[in-house]
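User: I am new to this structure and would like a guided tour. Please show it to me, then take my questions one at a time.

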Amino acid sequence: MLDLNFIIPEIFLTLSILVFVLIGVFVKNSFEIIYKLSLFLIFLLIVIIFSNNNEYSKIFNESISIDMFSIYSKILILISTFFILFISKRYIIDIKNNKFEYPVIVLLSILGMFIMVSSNDLIVFYLGLELQSLALYILASIDRDNIKSSEAGIKYFVLSALSSGLLLYGCSLVYGFAGSTNFETISNNTQAFNVGIIFGMVFILVGLAFKVSVVPFHMWTPDVYQGAPTSVTSFFSVVPKIAGMAIFIKFMYVPFREILDQWQYILVFMSIASMILGAVGAMAQKNIKRLMAYSSIGHMGYALAGIASGTENGFKSTLVYISIYLVMNIGAFGCILLMKRDGKYIEEINQLSGVSKNHPLMSLGFLIILFSLAGIPPLAGFFC
Amino acid sequence: MNFPILSAITFIPLIGALFVFLTRSERDEKNSGAIYISIFTSIVNFFIILFVWYSIDKTTSDFQFIEEYNWISGFIKFKFGIDGISILFILLTAFIIPICIFSCINSVKTRLKEFLIALLVLETFIIGVFCSLDLVIFYLFFEAGLIPMFLIIGIWGGPRKVYSAFKFFLFTLLGSVLMLVAIIAIYWISGTTDITEIYQTGIPSEYQYLLWLAFFSSFAVKLPMWPVHTWLPDAHVEAPTAGSVVLAAILLKMGGYGFIRFSVGMFPVASEYFTPLIFSLSTIAVIYTSLIALMQKDMKKLIAYSSVAHMGYVTIGIFTFNKQGIEGSIVQMFSHGLISAALFLSVGVLYDRTHSRLIKTYGGIVNLMPKYSFLFMIFVLGTLGLPGTSGFVGEFLVLVGVFKVNYLVAILASIGVILAAAYTLWLYKRVVFGKMENIQLKKIKDVNLSEAVILGVLSAAVLFFGFYPDPLFQTVNVSVDNLINNYNTDIQQNITLKK
Amino acid sequence: MEYAILFLPLIGALIGYVIKVFGDIYSEIVTTLFVSVAAILSIILFYNGIVYEDYGNYKIYQWIASGTFIVNASINIDPLSGIMLVVVSLVSALVHIYSIGYMSHDPDKPRFMCYLSLFTFAMFTLVVSDNFLQLFFGWEGVGLCSYLLIGFWHKKNSANNAAIKAFIVNRIGDFGFAIGIFLIFIFFGTLNYEEVFALAPNFADTEINFLGLEVNLITVTCLFLFIGAMGKSAQFFLHTWLPDAMEGPTPVSALIHAATMVTAGVFLVVRCSPIFEYSQVALNFVAIVGMITALFAASVAIAQNDIKKIIAYSTCSQLGYMFFAAGVGAYHVAIFHLFTHAFFKALLFLGSGSVIHSLNDEQDVRNMGDLWKKMPITWFAMVVGTLALTGFPFLSGFYSKDAIIEFAFLKGTNVGYFAAGIGIMTAVLTALYSWRLIFKTFHGKYNNKNLSKSEIHESGLTITIPLLLLVVGSIFSGFLFKEFLIGHDYNNFWKDSILILEKFDHSGIPLWLIVITPLFVTILIPVSFYLYIKKINVLDGIVLKYKSLYNFLLNKWYFDELYNQIIIKPTKFIGSFFWEKGDIKIIDRLGPDGISKIIKIISNKSSKFQSGYIYDYAFIMLIGLSLLLTFFIFYK
């Protein structure tokens, strides 16, 4: 029972979700209250995680590991979710999407991510991943009356299912050749020339690459970003990326540590391809959300470069990069969510001209964020 | 010196900008609070810098007023320090910025407050460039300067402002990305980014060539050298007057300063190796751009091309590695800072009245604008390097310096002097002299008091340093000696090593 | 006193410019007064120099000090600068006085007077310099003032063009001069005259590799310096600016383009005699260029119709005399001619100015005639000037010009004999065009249709007094100073300021040489009277018969057209070519515009992948996967 102490946040989260669902079912027009409760819940969770961070250990047969790394990732996830919920409420109401399911599903995906980032076992990892993905499918198509949103949901669902399949196949390969699903054991049992493990590793990498949308597994990103409601897009562009990168790091750092030589090539290739495609693809975009999609592809490329170095410093810098990335992206989406003309939200870039006249401060902020995304010193983006 | 005076002079404008930001005003309204604050900060800063100039020890080549803080521990130190060379550029910056502020008060009609903020922030960044003694800090300031300049062109610019702003931005950014890579490489090679330490330990000569090229790409764009100069005319044409002034007077000098401080200072062997490249590019620049300037129809473009030509002398001078050449380059940069600023302001005076930069709009304004014509004449003469103006001193010394090294380059570069006379005098004739044919000009008014004061101060400076350039030479004397000595010992060492 | 002489004109110019708010007359008085005082002081200085040998060097301040490149601003008084000071200040003072009358109708009088004073200052700095850089300062300074004064009537497009032309052609000369200075600094290590001249003998045989050629250092240095002199003194190839410069007001022509600035080139060669003496090649080059110019300019002057252009070409030709005098090594004679020439040429210009002024700015000699009764003083002055110019016995020109021919002959080399011959020929031509000018202007029939003859009257006192003073100078300057400057004991006067290695032997002058020039000149007076007044049709016949030759001369040997074709047009063409083809078409198109275009194309292509169909996406994903797997299969 002692082990349960370590997963108090997860337990608390799960119970709260259940309670929220109940409230949602029995109270009419409960969007407002659940939304506020969710924000409060996230805040509470942050407090809980902070107050609980003194002990690290591996629990449940070493299938879950609670350590500084997972705590840091969780806090990042929570903070960014908090801000995204905070900035997108107005938008959700405006597009008449104010159903109580919305925050609940967001919380569910967070739960999935929590499990994922603290997993120390292939099975647990897969469990968390799927829980997260399921929630995201629904989120993408939450604007049911909008054909684009539904299309985005379907696309995401199908492609994600494909990638999950590949990933699962990879997991089984790894299990078969390494004889264990535990990360440490896998690490101990791998040898550099084991083709089976390498194949398994490639399959897992592909699945992960899909989640963080790096080339060539990025194809869904622009469409889904554009199709999903902006509030969802902002969530997509940040939170799953944090979780994905975190687990990416974990995979590379723990189970596949011994075959660094092999995966390094793949990561270097993917990272460079993403940087280039992100930059080039963004040029031709006319829709600001598609542009942000390409921008996030590019940034994931940079983040991956840190991992590709295969050193502890590289992993650290990826984490730092991700943290800065989330700040910038939330800022950018905050601005996009504010850009309204005649009561309608603007998404086309050529309609944006002239925004600075009505929202000078916001356009200045947007500009600074974009400069930072472009990596101009002394703004934060440069240091990544 | 315990008081962090360099940080003070660097960040005073930023603080001023903050206060300007806090002033409340309606859009497009004349915001006197903002104006007074910005004038006050920039002028106070100028006087502090004058004091620094006065109090700097001119008998030693060491860096002075050093400040050092740990920033990212073990990696980047925040290190400031100046020597005789950098103080001149800082002085120039602090001198030009208040002039820009004065000039933009009347000519910038929209969003004056934001414009002032951009100028002050720019001042901070530029002074930071000249103060920093750490490569990373240098790079930060060097690149940061792009943002306010980009905004100045992009927001307050002319009809093709977006194209020009992006051209400017991309050119400079592409150039400096390589410099960033080189800085990281230097960190790996020598374990530090502290310039003074790198000076002492030196960089192994086999690495120098690539690093030099990387730095070169950045400075060459900034300066600009042929053939990466094409952003400059466009940027100048579209930028508002004050923007052009800052661009021509100070931002270009960052390239020249970079060449002196980094290329020659850190990579002497590579600098020697690449001298023919520099000489040929600069010689081409001098003649090529002078010829282009001859055919321009737009006043600002003409001056922009002439800037490229004048910067050609600067690079030639730096890579002569002798006293006259390098000192000539520094004086040339200083004087070009004054003269090009004045020329752009002069064009601005006309532009404010008629909203045309085309030469053919004008002609015969001398009778209606005698004072203006007189001042404009002085600057034109400065551009063509007439003895008695500061332009002559720099140009002549550079040519003396390069003549020691290479006759052909010197002779070809001297041809540029003839061409300079041709394009400037022709410009002057077409704008100021002749019959007044444009009816709109009949009502044109002579310079008002503030314009007269601005241009008067600049012309006084141009003439003063033409007749008495000694203060400049005294300031840089020891530092340049030191630079040349280091260069020569490094080259000698390299030769003995090879043997 | 030295300081006073140097700075009085500058102060005058500054005060004059400021004081104009109180009225034009004040600035006129101030500038004239200051320059006149400077003139009186320089005469005293000159006198002190001769009598008490009161020479010296006065440092003002250190101008530029960069390493070993140390240049002072200073005042160097020696016999050469002394005599130049007298010439410059005297003519300048007279021209100042003259201008008060001549420019009386001009609204910009103060500006004009200030420019004149400023010019005087620049010329002084040039003359009294003790180093090459200050000389260069003055050199460009006078060029600037010349530019400003030629373009003084800035509403006239031709005046502006002439001003620019003058400045740029001079710049070409200065370019050579500057290279000469560089060479001196690099090999001699200093720019100070005294030090350079002391070192010159050591370098007499130094060979250097200059642009791939093995050349003698002294020769190449002298040639480059001489290019500067050619520009300033309007010698052949770089002469085209001088006739055009006549667009400026006449006093300017008198001061700058006759008496002082254009002689700066001669001054430079004489000043550098200690270097030139060590290079026979350079000296011969100087002599040959001088000869060609003398002959060429005189030939062109015959066919010109503009009164000022005739005199301008005459100046050009006389400068040629001075140069070949210097080229044969007779530096003192060159300066002597410079000295006398200043008087009579200023006189001619001011006289023609008086005519032009009275005829309401009419400059074409074909529209004049029979003015001598109306303007007796001017007529008298012009005749004296012409007599002096042509070398009529016992006037100033006689002494100096004949001395040049004699010394050229005495030189005893081929170049010397040739120079003497050219000198005589040119003298004949000089007489022809000078008398043509006089007869066409003052005699014959009155031809002007725009102005009735009765309206013409003699000019006022401010114009005639300077004329009369110059008449005195033109008559007596040769006779009085002959012994002194070029006599047997010339070294008593010149001291170290010029160096003549080969002394001239005066015994061998044949009598015919002394007689021949004055004889020709005297005979030509009635001949020209006959040609230009009595039998005009004779001349017309000649013109008709040799139409092409006449046109050739009238169009100044087609130099302007030639330069326009081979220099100006190509330059403009290349400029446009570089701009439109080089910058816009090549650099921009391949550079930023091109790259951004390519990126856009790639970008559009890459978005085409984004078809929107799920199976496409899945396909790409699987392709990616299989590529990665294949990579590993082959990698192992």
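User: In which helix of chain C is I25(C) found?
Analyst: This is a predicted model, where local features need pLDDT of at least 70, side-chain atom pairs count only at pLDDT 80 or more, and totals for chains, interfaces and linings use all residues. Residues are numbered from 1 along each chain as its sequence is written, chains are lettered from A and ligands numbered from 1 in the order in which they are written, and side-chain values use heavy atoms, with hydrogens and water left out. Helices here are DSSP runs of H or I with at least four residues, strands are runs of E with at least two, and both are numbered from the N terminus. Residues 24-52 of chain C form the helix that holds I25(C), namely α2.

User: Is I25(C) buried, partly exposed or exposed?
Analyst: Buried means under 20% relative accessible area, exposed means over 50%, and partly exposed lies in between (1.4 Å probe, protein chains only). I25(C) has a relative accessible area of 46%, so it counts as partly exposed.

User: Which helix gives the largest share of the positive patch?
Analyst: Lys and Arg count as positive, Asp and Glu as negative, while His and the chain ends are not counted. A charge is placed at NZ of Lys, CZ of Arg, CG of Asp or CD of Glu. The surface patch gathers K581(C), K585(C), R589(C) and K597(C). Three residues, the largest share, come from residues 559-590 of chain C, helix α24.

User: What is the relative accessible area of K585(C)?
Analyst: K585(C) lies in helix α24 of chain C. It is partly exposed, at 43%.

User: How many residues of chain C are there, and what share is buried?
Analyst: Chain C holds 26 helices and four strands. Its C-alpha atoms fill a box of roughly 110 × 65 × 60 Å along the principal axes. Of its 636 residues, the buried share is 62%.

User: What is the N to O distance in the salt bridge between D108(C) and R111(C)?
Analyst: D108(C) is partly exposed at 24% relative accessibility. R111(C) is buried at 17%. Their side chains meet with N and O at 3.2 Å.

User: How far apart in sequence are the parts tied together by R171(C) and E140(C)?
Analyst: The closest N and O atoms of this salt bridge are 2.7 Å apart. R171(C) lies in helix α6 (residues 157-188) and E140(C) in helix α5 (residues 132-150) of chain C, so the pair ties together parts separated by 31 residues.

User: Are R171(C) and E140(C) buried or exposed?
Analyst: R171(C) has 3% relative accessibility. E140(C) has a relative accessible area of 3%. Each counts as buried.

User: How compact is chain B?
Analyst: Chain B has 19 helices and two strands. Its radius of gyration, taken over C-alpha atoms, is 22 Å, close to the 23 Å that the globule rule gives for 499 residues. That rule is 2.2 Å times the number of residues to the power 0.38. So chain B is as compact as a globular protein of that length.

User: Why is helix α10 of chain B largely enclosed by the rest of the structure, and how many residues are buried?
Analyst: The helix spans residues 231-238. Its buried residues include W231(B), L232(B) and P233(B). The helix is largely enclosed because the buried count is eight of the eight residues.

User: What is the phi of F321(B)?
Analyst: F321(B) is found in the loop between α13 (299-318) and α14 (323-354) of chain B. F321(B) is buried, with a relative accessible area of 10%. Although F321(B) is not a glycine, its phi is positive, at about 55°.

Terms used
Patch = residues over 30% accessible without salt bridge, like charges linked within 9 Å, V, L, I, M, F, W, Y side chains within 5 Å. Areas by Shrake-Rupley, 256 points an atom, 1.4 Å probe, with all protein chains shown as cover. Salt bridge = Lys/Arg side-chain N within 4 Å of Asp/Glu carboxyl O.
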